[in-house]
Amino acid sequence: MSFISATFIVFFMAVILLYYLTPLKYRWVLLLIASYGFYLSSGVKVMLFLLFTTAVVYGGARWMESVRDHAKSKKAAKKTNKRILLLEALVNFGILFVLKYYNFIADNLNGLIGMFKYDFSMPLVNLILPLGISFYTFQAVGYSIDVYRGKIKAETNFLQFALFLSFFPQMTQGPIFRYGDLAPQLKEGHKFSLTNLKFGLELVLWGYFKKLVIADAASTAVTNVFGRYDTFDGMQVLIGMVLYAIQIYADFSGGIDMTRGIAQAMGINLVDNFRQPYFGNSVAEYWRRWHMSMTNWMRDYVFFPLTFAHFSTKIGKWGRHHLKTIGKQLPAYIPTFVTFMLIGIWHGAGWGFIAFGLYNSLIIIFSMALTPAFDKCKSVLHIPEEAFWWRCFQIIRTFAIMVYGKTLTRAASVHDALAMMKATLHLDFGMFFANMKSELIAVGLHGRQWVVLTAAILIFFTVSVFREKGVHIREAVSRKPLPVRWVLILGLLTAVLVFGVYGEGYSSSSFIYRNY
Amino acid sequence: MKEVWNNKQKRKKAAIVLVFILVAAGLMVYLLNVFVLDDQKALSGFYHQEENSLDGIYIGSSAVYRYWIPTQAYDEYGMKIYDIGTGSEPVVLQKYLIKEALKTQPNMKVVLLDIRSLLKSGDELKEADISRVTDAMKMSSNRTEAIDAALDYFKKEGAPISYNKSYYYYPFLLYHSRWSDDFSPSDLKPFRSKSPYMGFEVSDMSTAVYKNTKPSYTEDQTKLSEAKIEILEDLLAYCKTLDQKVIFVSALYSISQDDQKELNASISLIRKSGFTVLDFNSKAMEGKIGLNWSTDFMDSNHVNYLGAVKYTSYLSSYLNKNVKFSSDASDSVKETWDKAALKLKESIVKRFADAGLSLKHDGETVIP
C-alpha cells in the first residue's frame, strides 16, 4: 500500500478515527492491528520475515536480561550477552544481507570466476525483499545493542515489542527509531488534541507537496537525462544531476513528513530525519543533517565502537609516533572509512552505492587531513569564518559535492556516472542561454511544468531558510489570522491536487476527437 | 460531544472546523468541475431539462448531434426529442444512458438509438469514447455500472486503453494534469457549459461543404464479434422492458462495404427481436431524404447543417406519423424550446454569413 494511493489515505484516516474511538488503554492494540494490516497488504510471505525478526530480537533481549539477572558476575554476564548479541545481529543482518545483496555478490563473483574460465557459477535467485527490511533490521539490532549495554530494559510484552518494530507509518522508509524514543509513545494512549490533529495533517499535506509536486515532477526530467545522458549537452546533464539531488531530498523528506504527520495526528511525536541537509557547510555537516536516524545509528553503533576499540588506540599510538599531525587523526580515519562504506552499501546493492560510500569517506578523510592547511589559507586570505558570503560559498560547494556524489547512486553504472560528470566539465553557457527555452524543454518538462517546478522548489527553499533560522513553520502559521491560515492550507491542498504528479498522465492528443 | 456542546470555546472551535471542511469540500467540487473536459455539453444540458418535459431522446455518437436538430422537429411538429450524443459514443453505454434519462423523463414516448459506433473495431476504441459520456453522468450506481460494462466490452474487443477503473470513476485523477497542457483561463469557470440547442452541435464545421462519395450498397453480412453480439443482445433485452417505443437508426454517410456488411448483420439481429430499424445506409432508403452528396456533407461521415435540416425533416415526419406524442407542455418548457429554436436560427445565420454563404429560407445555400 503506497503512501501515494487513495487506499492509503482512506486507511490512515480510518486508523486515526478508530484510534480516538478506542479506549485509551487499548489504543496501542489498534495500532498493532493497523500496522500488521498495513504490512499484510504487501504480502503474507514478507510478514513472516518481520515476525521472525521480531521473535528473535524479543527473545534475544529477554535472554540477555535473564543472563544479567542470574549471572554470577558482571563479567560473565557480559561475555555471554556479547555472544547472544552477536548471534542475534548475525541472524538479522544475515537475512538482510542475503535478501538484499546475494544476487549482486553472486553476479560479480560469477564475472570474476568467468575471467579465470572456471566451470562454476553461483546461481542467481529471485528473492523477495520485505517492505522496510533495512529500517526494521537496524531498528531491531539497535534495540538489542541498547539492551546489551544496559541502556534500556528488555520489553516484556511481545505484542508491544511487535508494535515497536512494525509501526505502520515508518515501515515504508523509516526513520530508524530508538526504542526509548518510540516505544513509550506507542504504548501510551494519547488523548485527542485538535492541535496535534491539525499539525499532523498539515505535515502530511506538506509531505505530499514535496513528494508529488517537486520530487515526482523532477523525476520526469531526471529519468530522461540519466537514461540517455549522451544525447544531452553539459548544461542539460548538470541540470539533470541537480534536479536529482532535489528530487531525492524532496522525495525522502516528503515521505518522512507524511510519517511524522500521521503519527502526530495520533499524538505521537517523532523526531525529524532531516535538518536542511543542503545547508550543510561541509560534507561531514551534510551527513549530520541528512537521514539523521540512520547516520546517528551508524555513529553510535559503528563509528564510536570502532573509534574507541582497542585496535584504534593502538593505531593512534603508532600514528602519533610515526606520522606526526596526520597520525593523530589516524584512529578517526578507519572508523570514518568503514562507516561511510557501510552507509553507501546500506543504500543499495550496486557498485554505484559502494562508490558513493568511498566518495564520501575519502572527501571527509581528506578534509580532516587538510584542515590545518585550509585554516592557514583562510588566515592568510583574511577570510572571516562567519561572513555570509563565505557561508554561502561553503553551502554551494557542499551542495555541488553532493550533486556529483549522488550521481553515482542514480546512474545506471559507475561508468555512466563518471561520463555524466565529465560532460559537465564542458559547459557552454552562451549556447544554453541563447536557446534556453528549447534546451530546458529538451530535458523533458514543458514550459508550464518548469514554471511550477521552479516555484515549488523556491517555496521549499524558503521554508527551509525559515526552519534553518529556527522558525517552527506550523506554529508560526497557526498564529496568523484565520483567513491567512486557510488560504495557505487550501492553497497547498490545491497545489497538491492540481500540480501533483499522480494518476495517469493526461495527454490532449488522446482527446482530439472532442474538438470535432 | 456533550462536552463540546456545553463548552462555548469548544463549540466555536467545532464550528470553525466544520466551516473549514465545507470550504475545502467546495474547493474540491470546484476543482473537479474545472478540470473535467468541457465536451459533454449534451448530457449537461439534458440534466437541466425540466422533469417530464421531453417526448423522447436520441442517443448515439456524432451521427446524432450532427444530424438531428431537436428545435426544428419542435418547430414543425411540436415534438421535443433531445440529442444525447457524444463523439464515438459506444453502443454499450446506450442502455445506461436510457436508464439515466428515465430518472427524470419517465414519460417519454420514444427512444431513438443510433448504432453507427458499433462498427468500430477494437483498435479504434479510445478511453475518451467512454469518459466523454461517463464524466458527464451524475455519480450513481448506474454510472459505475456503465463504466464497468464499457471497460468489459472494450477489453473483449482488445481496445488499447487504460483499464484502471479509478480513472473513469474519478476523472480528476486523469485530467488534473491538464494544467500543463491545454488548460486555459476560460476553463476556470466553475460550471460546465450546457448545450444551447438541445444537444445539437453547431460549430465552424456546420457550414463546411464536402463533396462526398455516394456509397454502393450491398445486402451482404459479416459475422459480428462475440462481444458486439453480447452487448447488442443485452441492449435489446433491456429495450423490451421499456414502455417507450424504441427505434434503432443508422444515419446516412459514405459507408464502406465492409462497414455495411457489419451493419447489415447488426440490423438483422435487431429486427429479429422485433424492433424497427431505420437504415438510411441501404438501397431501400436511398434518395428518401433528398440529400445532395455534393453540398450536404461536412466530411465523409457527417452531414453539415443543410444535410441535418433534410435529415431532421424526414425523420421528424416519420416520427410524427408513427409515434403518438402528447401536445401538452408547460409554458416554461415551451419558452425554453422556443428560445433554443430562435438561438439556433440566429447562430446559424451568423455562421453562414461569416462563412460568406447566404442561407435561403428553405434551407438551401448559394455556394460562392
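Helix α1 of chain A covers residues 6–21 in this predicted model. At 1.5 Å a residue, its 16 residues should span 22 Å. The end C-alpha atoms lie 23 Å apart, which agrees. F12(A), V15(A) and Y19(A) are buried in α1(A). Viewed down the axis of α1(A), the buried residues fall within an arc of 55 degrees, so they line one face of the helix. An α-helix has 3.6 residues a turn, so residues three or four places apart point the same way. The other side of α1(A) carries exposed residues: A6(A), T7(A), V10(A), A14(A), L17(A) and L21(A). The cover over the buried residues of α1(A) includes α2 (27–40) and α9 (234–265) of chain A.

Helix α8 of chain A comprises 34 residues, 194–227.

Chain B contains an open sheet of five strands. The strand order is β2-β1-β3-β4-β5, with parallel pairing. β2 (81–85) and β5 (276–279) of chain B stand at the edges. Each has a single partner strand, so one side of each is left without a neighbour in the sheet. Neighbouring strands of this sheet are turned by 20 degrees against each other on average, direction ignored. Within the sheet, β1 (residues 56–60) and β3 (residues 110–114) of chain B pair in the parallel sense over four bridges. G56(B) has V110(B) in β3(B) as its bridge partner. Helix α12 (residues 257–272) of chain B lies across β4 (245–250) and β5 of chain B. α12 of chain B runs at about 155 degrees to β5(B).

Key: Residues are numbered from 1 along each chain as its sequence is written. Chains are lettered from A and ligands numbered from 1 in the order in which they are written. This is a predicted model: local features need pLDDT of at least 70, side-chain atom pairs count only at pLDDT 80 or more; totals for chains, interfaces and linings use all residues. Helices (H or I, at least four residues) and strands (E, at least two) are DSSP runs, numbered from the N terminus. The expected span of a helix is 1.5 Å times one less than its number of residues. A residue is buried if 20 or more other C-beta atoms lie within 10 Å of its own, exposed if 12 or fewer, and partly exposed in between; C-beta atoms are placed from the backbone. The arc is that of the directions from the helix axis to the C-beta atoms. Two residues are in contact if their C-beta atoms, placed from the backbone, lie within 7 Å. Two strands pair if DSSP finds at least two bridges between them. Axes are lines fitted to C-alpha atoms, for helices over the stretch in contact, and angles run from 0 to 180 degrees between N-to-C directions.
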